[in-house]
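My notes follow, in the order I made them.

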Amino acid sequence: MRERMLDAAYELTRARGWEKVRMSDIAAAVGVSRQTVYNEFGSKPALGQALVMRETERFLLGVREQLDAHPDDLGEAVAAAVTYTLRRAADNALLKAVLTSARGGPEDLLPLLTTRSEPVLHAARAMLTATVRDRWPSLETADVDLAIDSVVRLTVSHIMLPLEPAEETGWRLARLVLRVLRLE
């Protein structure tokens with residue numbers, strides 16, 4: 001039921017923008033009462049957080065696939081993962097709705113990717129750190145933490161304001177990671 005509610009919220013947000021989505025709309029789309037939606041999520045902001053985190057998990061599955069495709073070359077792995085993330089973000093209907101919606105409202109989703117983005121950043125850092133430490137255990141822990149934090153924050157920044165082609169950004173961030181880890 002929760003996934004169906006999130007699916008409905010995703011589609012309504014994509015079609016109308018988050019600011020026009022009502023809990024009653026989600027309930028109607030799923031065929032439950034409005035109270036059932038509130039019982040599941042508690043509030044619209046909590047529903048928004050759940051929606052953003054589900055999308056983050058989907059992004060991270062794809063990032064993991066990119067990393068897995070380059071098990072012996074950290075530079076290639078980082079470049080592929082960043083490029084994948086930026087391309088997918090450019091085509092993501094929910095992200096487009098978030099970025100183009102009215103800014104500054106009390107129920108705006110944008111802060112979940114900017115000023116209140118810690119859950120998103122934490123999930124990305126945790127997955128990437130575990131992967132890098134598992135594959136390259138000889139790397140210094142502090143250096144890995146710095147490299148991962150930097151690449152995650154810079155990738156999110158490029159999602160919000162892309163300035164160059166995804167591939168170029170991917171390679172630039174890969175070079176940054178390799179330099180921080182003293183592999184280049």
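Which side chain meets arginine 14 in a salt bridge? I found that glutamate 11 does, at 2.8 Å from N to O. My rule for a salt bridge was a side-chain nitrogen of Lys or Arg within 4 Å of a carboxyl oxygen of Asp or Glu.

Before going on, I noted that this is a predicted model, where local features need pLDDT of at least 70 and side-chain atom pairs count only at pLDDT 80 or more, while totals for chains, interfaces and linings use all residues. Residues are numbered from 1 along each chain as its sequence is written, and side-chain values use heavy atoms, with hydrogens and water left out.

Back to the pair: arginine 14 and glutamate 11 sit three residues apart in helix 1, so about one helical turn separates them. Helices here are DSSP runs (H or I, at least four residues), numbered from the N terminus.

Next I checked accessibility, with buried meaning under 20% relative accessible area, exposed over 50%, and partly exposed in between (1.4 Å probe, protein chains only). Arginine 14 is partly exposed at 42%, and glutamate 11 is partly exposed at 38%.

Then I turned to aspartate 7, which forms a salt bridge with arginine 54, their closest N and O atoms being 2.7 Å apart. Aspartate 7 is in helix 1 (residues 2-16) and arginine 54 in helix 4 (residues 44-68), so this pair ties together parts 47 residues apart in sequence. Arginine 54 is buried at 7%, whereas aspartate 7 is partly exposed at 36%.

Last, I saw that salt bridges link Glu118, Arg125, Asp149 and Arg153 in a network. My count came to 17 salt bridges.

How values were computed. Helices (H or I, at least four residues) and strands (E, at least two) are DSSP runs, numbered from the N terminus.
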